[in-house]
Amino acid sequence: MGHSLIAYDISSDGIRRTVSRLLENWGTRLQQSVFVADISPGQRKELEQLARDKLEKGDSLLVLPVCAACLARAGIAAYAPPQAHIFL
């Protein structure tokens, strides 16, 4: 298993919703169109194919393997209501 950063740019609301739901089953959402997943190379290929089957011309999906050390050094900041800011 290894971490992958997954991001998409999809113009159709319906397809974007479908791909988003698909990715929610594989990983954790970091931003609206960015996920991180702990998946094997075989699972990554399967996920890429499942998503690719749904994409239309002009859409894109990026699946970028990320080492655990790099992920641990990543800074993530998200806005939440007062007293609930998240910094990892």
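**Close-ups of a predicted model**

**View 1. The buried side of helix H2.** Arg44, Leu47, Glu48 and Ala51 are the buried residues of H2; buried here means under 20% relative accessible area, exposed means over 50%, and partly exposed is in between (1.4 Å probe, protein chains only). Looking down the axis of H2, these residues fall within an arc of 100 degrees, so they line one face of the helix; the arc is taken over the directions from the helix axis to the C-beta atoms. An α-helix has 3.6 residues a turn, so residues three or four places apart point the same way. The cover over the buried residues of H2 includes strand E1 (2-9), H1, E3 and strand E4 (60-66). H2 itself (residues 41-52) has 12 residues and spans 16 Å from its first C-alpha to its last, close to the expected 16 Å at 1.5 Å a residue; that expected span is 1.5 Å times one less than the number of residues.

A word on the model: it is predicted, so local features need pLDDT of at least 70 and side-chain atom pairs count only at pLDDT 80 or more, while totals for chains, interfaces and linings use all residues. Numbering runs from 1 along each chain as its sequence is written, and side-chain values use heavy atoms, with hydrogens and water left out.

**View 2. The whole chain, for orientation.** Three helices and six strands make up the secondary structure, in the order β-α-β-β-α-β-α-β-β along the sequence. Helices (H or I, at least four residues) and strands (E, at least two) are DSSP runs, numbered from the N terminus. Of the 88 residues in the chain, 24% are buried.

**View 3. Ser20 in helix H1.** Ser20 sits in helix H1 (residues 13-24), and it counts as buried because its relative accessibility is 9%. Neighbours within four places in sequence aside, Ser20 is in contact with Tyr8, Arg29 and Phe35, where contact means heavy atoms within 4.5 Å.

**View 4. Gln32 in its loop.** Here's the loop between strand E2 (28-31) and strand E3 (34-39), with Gln32 in it. Gln32 counts as exposed because its relative accessibility is 65%. Gln32 and Tyr8 are 24 residues apart in sequence, and 9.3 Å apart in space, C-alpha to C-alpha.

**View 5. Cys67 and Cys70.** Cys67 is partly exposed, at 40% relative accessible area, and Cys70 also counts as partly exposed, at 34% relative accessibility. The structure holds zero disulfides, a disulfide being a pair of cysteine sulfur atoms within 2.5 Å.
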